[in-house]
Amino acid sequence: MIPLRQFLQLALQALLRNRMQTGLAVLGMAVGVGALVTSVALGRGAQDAIADQLRAAGANVIVVTAGNYMAAHKVIKDDIVEGRADPNPLDLLFPNSGLRKVSWHPASLSGGLLQAVGGAQGRLQKVHFEDDPFAKHDHPTAAQRLGDAMAGLGSAATLTREDAAAIRKIPGVQYVVSGVHNNSRVFIAGHRDEKWFTRMHGTEADLPEIRTGWVFPHGRFLNPNEVEGKEQVMALGQIVSDHLFGPKVNPVGKIVFLWNQPFKVVGLIGSRSWAQQPAVGDDEFDAVYVPVTTVNHLLDLSKLNNITITTKSVGQTTQVAKEIGDLLRKRHKIADGMPADFTVKTQAEQVIGKGLSPELAYAVGGNAKSMDQLTIAKLSGSLERANRTMLGLLAGVATVSLLVGGIGVMNLLLLSVTQRTREVGLRMAVGARRSDVAVQFVLEAMLLSVAGGLVGVLAGVLASGSLERFFKWSADISSMSAVMAVVVAAVIGMVFGVYPARRAAQLDPIEALRHE
Amino acid sequence: MPVISLQNLKKSYKLGDNTVHALRGASLDIEAGEFVTITGPSGSGKSTLMHILGCLDRPTDGKYLLNDRDVSNLSRDELAAIRNKQIGFVFQGFNLLPRTTAVENVEVPLLYSRPAMPAIERRKLALAALKSMGLEERAHHHPSQLSGGQQQRVAIARALVNQPSLILADEPTGNLDTKTSIEVMRILQELRERRAITIVLITHEPDIAAYGTRIISVRDGAIVSDKPNDPTPALEHVAEVEAPRMAANGI
């Protein structure tokens, strides 16, 4: 057998004699391997993001809503109408304006204008301060009425935190978060006239465990003490923070007014995934989050709009949903055969129903059991297709880079064979077989490319780390992919080393010894 | 039994449309312990003869028995093994690997020994060979840190390290001054006298040829003369050459 260690040492010595050329060849290889590692990391990151999206889309989420959406249901087939967003009251008022941020001066408002505004909605009614479509969001008692009105198609709110506590005891339940939701206007000190119309979520500290797509660029979410203590603290969605304080401003510690009450900002909520960008009008990032207890205290509410539950595993969701239904019927003392005063839906059903006209939503609700599978499958399918396209692109870049790196290695070795022809001749004269010579050059090629591979892995780790950190791309480097990258580099070195090695091995010792 | 036995050895090769007959039938026996010098003008075929003797090339026709084994038709790898074990080469240009220490240069033939030799063993043999050349203190010097004579002695140590029966020296003094040349010749003479190593040396200088025990002249691919020689004693010769120089230097 060939004394491998000795040959490796020889190869290393030979490479170190030409440090500059060796360094450049290693660099070429490192670029290729770095690109490979980065693209694999980004690909895996994207896959994780998709899995997160699916979890976030609610494979294991159950929402119990006050009121009964399911009492009447028609079955409709395939003609699902293109979803549209929740109608924004401002859009109803000013359908073509696209206006969101408005300056409002109640003092300058004439009754006539308000009359006209009321008229624009097609309803003639007596204008009262609390009925002002803007101002009523700023008034706790009016907000309470609005909250009640929204709590279940006009019925009284029926869910309580005691219900939530009871649900928490069902086996298989992971997190339970009570919710009160409202459309509200927020502003900051000195800008009372520039109010931002947004979603208000009264919630609990565990919500980020359910919204797995969240990150906190600044601060944190509400903590349990703040929730129990009914503190006036607030977590801001990215969009709200951008509009109140400007982009890239850390809002933590600042004060935001809601219902004319000061709330201290404890955190900023952003999106973890490139697949879900915060947008104006969305329910998660164009929103403010405050303790549900604080909301109930300020608005003098005792009921909840909904309770959000996650199960420990996706497979349990249906079973747990049924148990929740049974439990609440018992707690609300609803006789068998009577319609319930609440609705239990999985998140998938929720998503499907969202944005549909009420009658369509009822119908969809009835059909949703069979639809959630389809929709989740569709969602994951399209995300994965997009992901594959991106991965293919990155893999293409990585392949080309690796090819270029391999050519660099080959180039260096061909040069080396020419420069070291006499050495090859001498080695042959003193007894080196052709295979010995070939092995030595192939080892040099492999050493070069493995060195390039190691540098490349390091560069790839740094690159994907920076992409993740500074551009918020999801990247996931596994030690397996790092090892694979080095192996790929070694194989490339071998392949591209074979031709120069053959050239060296086929030298005629006499000619080689004469070579100058 | 002769170490080398050539029987009507021929070598021709094509150069464009012409066939060049480098050797036109050489027959020759060299016994163990001979110091044969081969002389001839350039183009006489002495280099071709040397390459065939050194198993670097194969004859077109005829037979070459090395230590009684016909090596005329062996494969390249078989020839490599024979070069490794039985022949030590000393070249005009030393052919030491640059940026490689003397002892590592001497180890090179041992790298290709089969079965593989442990590193410690290789180092031991290489140091012993260097010591026999009086270079043990230079073992870790690079060729560029050594004089021409020292470099050639490293090369001789390398030729000796596998304990070959035959040393082939191709113009070993071509790059050396007279004094150093004589030193190298003395080393070769001592190798023959003390270790009974057979030496074949190629040169175009008659006074170098005179150090051998037998002088063969080659011309136009054929042996034109082959006669025993009373070798010039290199030991005294050094003193002879040195005396006037030392006197000139006032020693």
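Modeller: What follows covers cores, a helix pair and a sheet in this predicted model.

Biologist: Which residues touch the most other members in the largest nonpolar core?

Modeller: They are Ile4(B), Ile38(B), Leu53(B), Tyr64(B), Leu66(B) and Val200(B), in a core of 75 residues. Helix 16 of chain A, residues 479–505, gives the most to this core, with nine residues.

Biologist: And what is Ile38(B) in contact with, leaving aside its neighbours within four places in sequence?

Modeller: Its contacts include Leu49(B), Leu53(B), Val200(B), Ile202(B), Ile216(B) and Val218(B). Lys46(B) and Thr203(B) are also among them.

Biologist: OK, helices. At what angle do helix 1 and helix 15 of chain A cross?

Modeller: Roughly 65°, with the axes coming within 9 Å. The crossing is right-handed. Among the residues making the contact are Phe7(A), Leu8(A) and Ala11(A) of helix 1 of chain A, and Val439(A), Leu443(A) and Leu447(A) of helix 15 of chain A.

Biologist: What is that contact by class?

Modeller: Twelve nonpolar, one polar and two charged residues.

Biologist: Switching to chain B, what is the strand order in the open sheet?

Modeller: The order is 2-1-4-5, with antiparallel pairing. Strand 2 (18–31) and strand 5 (69–70) of chain B each have a single partner strand, so one side of each is left without a neighbour in the sheet.

Biologist: Which strands does helix 1 of chain B lie across?

Modeller: Strand 1, strand 2 and strand 4 of chain B, and the helix runs at about 120° to strand 1.

Technical notes. Residues numbered from 1 in each chain as written. Chains lettered and ligands numbered in written order. Predicted model: local features only at pLDDT ≥ 70, side-chain atom pairs only at ≥ 80, totals over all residues. Heavy atoms only, no water. Core = buried A, V, L, I, M, F, W, Y, C linked by side-chain atoms within 4.5 Å. Buried < 20%, exposed > 50% of the residue type's maximum accessible area, 1.4 Å probe, protein only. Helix = DSSP H or I, 4+ residues; strand = E, 2+ residues; numbered from the N terminus. Contact = heavy atoms within 4.5 Å. Axes fitted to C-alpha atoms, helices over the stretch in contact; angles between N-to-C directions. Left-handed = near helix turned anticlockwise from the far one by under 90°. Nonpolar A, V, L, I, M, F, W, Y, C, P; charged D, E, K, R; others polar. Pairing = 2+ DSSP bridges.
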